[in-house]
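Please look over the sequence and the model shown here before reading on. The briefing that follows goes through the structure topic by topic.

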Amino acid sequence: MSTIDLQALIPNNVNLADNRQLQRALEHWQPAFLNWWGEMGPSDFNAKEVYLRTAVGVDASGWASYGYTPMPDYRWGIFMADKEEGRKIGFGENMGQDVWQEVPGEFRSAFRRLIVTQGDTEPASVEQQRLLGHTAPSLYDLRNLFQINVEEGRHLWAMVYLLHAHFGRDGREEAEELLERHSGDVNKPRILGTFNEPMDNWLSFFMFTYFTDRDGKFQLKSFAESAFDPLARTCRFMLTEEAHHMFVGETGIGRVIRRTLEVMKELDTDDVAALRRAGVVDLPTIQKFMNFWFTSSLDLFGSEASSNAANYFANSIKGRPDEAKFADHLERDTRMTITVSDGKGGLMDESITVRNGMNEITRLEYVKDCNVGLTRWNMGIKRAGVDFEFKLPSTRFRRAVGVWAGLHTDPEGNPLSADAFEAQKDQWLPTPADISFVKSLMQRVTEPGKMAGWIAPPDRGINAHPIDYQYVQL
Ligand SMILES: [Fe+2]
Ligand SMILES: [Fe+2]
């Protein structure tokens with residue numbers, strides 16, 4: 001097992017002390033990171049004690065310690081899953097060879113681009129969520145928000161370590177720039193669209209952690225297969241933290257739905273205006289928020305047919321999530337079918353190589369995973385005797401990237417004219433009025449154990465503490 005140095009300025013299990021130059025470079029980046037945290041991280045809460053978990057190792061049985069800490073004192077560390085002795089490359093043309101401990105020269109720019117793009121999303125989400133603390137529906141939720149924020153900060157550290165350790169001067173420059181681009185900045189925005197979307201309410205936050213953090217899960221799973229072993233090991237450990245982010249999303253959306261169902265029962269109505277007057281989010285509005293964040297997250301997987309994705313796979317740079325479960329790890333001459341527009345308002349099949357279709361394969365795995373939560377929420381609705389079902393829109397709906405970019409469909413994926421889409425889009429996507437209604441519900445609740453009226457309490461607290469634990473000392 002790796003040695004863990006928790007006393008170091010930068011806690012790590014990568015033997016940082018053995019490489020003075022690298023250590024110094026990272027210690028130089030650290031104040032810039034803390035500066036960024038102060039300016040772009042959670043606003044106004046930096047002096048408060050928050051009950052946080054900190055990664056202190058990579059052992060499955062106990063990798064985290066819990067305790068109160070002000071966020072700027074969080075021990076952001078560099079952790080990799082333990083090395084698997086004799087690990088071989090599992091896919092692509094280099095399959096069966098030993099994994100790489102260094103980046104081969106010819107793949108340097110590909111890896112750099114992938115690591116920078118992943119790294120960029122981590123601080124971006126912290127920036128997006130910067131103001132949410134002011135309207136947290138409970139102390140429990142406030143703590144979860146901050147937990148996610150500090151861990152996204154740690155994920156940035158994970159990517160910055162790889163850049164510093166394996167990409168020399170270019171890597172150090174990229175690490176600086178990761179702190180210079182900002183979410184929603186007109187001149188220097190974050191790289192990917194979803195990470196520039198404003199997030200000014202907690203329903204969007206729960207949708208983001210359910211749908212967008214789940215995109216992160218699938219990216220990390222694909223990198224966990226990489227022939228570049230330090231990247232694979234880094235991402236394997238990040239996945240353990242990521243699970244909590246998606247838990248916050250799934251239980252958050254579930255609690256909003258549960259509360260709405262309670263009020264529907266109390267008032268014996270599904271009338272949207274009546275429910276809104278009662279201070280809960282009606283189910284059709286929840287569906288609209290789902291449509292928005294799900295489709296935005298679909299774009300993060302990239303184009304359905306992509307020669308970049310084919311190169312990444314062919315060269316063993318980026319695999320498919322859970323590569324081992326696929327039958328063929330080379331996909332040399334195999335083909336698959338995607339659905340494209342026929343240019344006349346209809347649909348048409350197109351055959352592409354499987355290698356070109358890697359993004360689409362990963363996207364479809366993601367959609368399956370997204371549906372797990374919907375099935376659970378729909379069961380709750382059915383049990384409540386309410387006639388309503390959440391449904392994910394088609395992967396053709398509201399796309400800005402790929403073969404459906406700029407084309408219009410309804411949520412079932414049937415092509416539509418731009419006019420027909422415009423005429424109906426308010427039924428499918430949050431309107432300014434929907435958003436301002438949801439925002440009007442966002443009132444801060446700070447008494448331990450109390451919840452805002454629009455959300456049900458969680459089933460249990462954090463780390464076996466009760467729900468009314470003082471998760472943040474305000
Ligand atoms: Fe992350
Ligand atoms: Fe995350």
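This is a predicted model: local features need pLDDT of at least 70, side-chain atom pairs count only at pLDDT 80 or more; totals for chains, interfaces and linings use all residues.

**A buried proline**

Pro-123 is buried, because 28 other C-beta atoms lie within 10 Å of its own, and a residue counts as buried once there are 20 or more. This proline is found in helix α2, which covers residues 108-128.

**Around Pro-123**

- When its neighbours within four places in sequence are left aside, Pro-123 is in contact with Trp-36, Glu-152, Leu-156, Leu-178 and Leu-179.
- Arg-255 lies 132 residues from Pro-123 along the chain, and the C-alpha atoms of the two are separated by 27 Å.

**The chain as a whole**

- The chain has 12 helices and 7 strands, and 44% of its 474 residues count as buried.
- A compact globule of 474 residues would have a radius of gyration near 23 Å, and the chain agrees with this because its own value is 23 Å.
- The C-alpha trace of the chain spans about 65 × 60 × 40 Å along its principal axes.
- Among contacts between residues at least 6 apart in sequence, 68% join residues that are at least 24 apart.

**Nonpolar cores**

- In soluble globular proteins, nonpolar side chains tend to be buried together.
- The largest nonpolar core in this model holds 53 residues, of which Leu-203, Phe-206, Met-207, Val-256 and Trp-293 touch the most other members.
- Two or more residues of this core are given by each of the elements β1 (49-55), α3 (139-166), α5 (202-223), α6 (229-267), α8 (283-299), α10 (358-383) and α12 (432-441), and the largest share, 9 residues, comes from α5.
- Not counting residues up to four places away in sequence, Met-207 touches Ile-253, Phe-289, Met-290 and Trp-293.

**Helices α1 and α3**

- Two packed helices are described by the angle between their axes and the distance between the axes.
- The axes of α1 and α3 come within 11 Å and cross at roughly 145 degrees, and the crossing is right-handed.
- On the side of α1 the contact is made by Leu-22, Ala-25, Leu-26, Trp-29 and Trp-37, while α3 contributes Gly-153, Val-160, Tyr-161, His-164 and Ala-165.
- The residues of this contact between α1 and α3 divide into 8 nonpolar and 2 polar, with no charged residue.

**Exposed residues**

- Leu-9, in the segment before α1 (20-40), counts as exposed because it has 12 C-beta neighbours inside 10 Å, and 12 or fewer is the cut-off for that class.
- Leu-9 is 270 residues from Gly-279 in sequence, and the two are 48 Å apart in space, C-alpha to C-alpha.
- Asp-44 sits in the loop between α1 and β1 and has a phi near 75 degrees, a positive value in a residue other than glycine; with 10 C-beta neighbours inside 10 Å, Asp-44 counts as exposed.
- Ala-464, in the loop between α12 and β7 (472-473), also has a positive phi, near 65 degrees, although this residue is not glycine, and Ala-464 is exposed, with 8 other C-beta atoms within 10 Å.

Methods
Residues are numbered from 1 along each chain as its sequence is written. Chains are lettered from A and ligands numbered from 1 in the order in which they are written. A nonpolar core is a set of buried Ala, Val, Leu, Ile, Met, Phe, Trp, Tyr and Cys residues joined through C-beta atoms within 7 Å. Helices (H or I, at least four residues) and strands (E, at least two) are DSSP runs, numbered from the N terminus. Two residues are in contact if their C-beta atoms, placed from the backbone, lie within 7 Å. The radius of gyration is taken over C-alpha atoms; the globule rule is 2.2 Å times the number of residues to the power 0.38. Axes are lines fitted to C-alpha atoms, for helices over the stretch in contact, and angles run from 0 to 180 degrees between N-to-C directions. A crossing is left-handed if the near helix is turned anticlockwise from the far one by less than a right angle, and right-handed if clockwise. Ala, Val, Leu, Ile, Met, Phe, Trp, Tyr, Cys and Pro count as nonpolar, Asp, Glu, Lys and Arg as charged, and the others, Gly among them, as polar.
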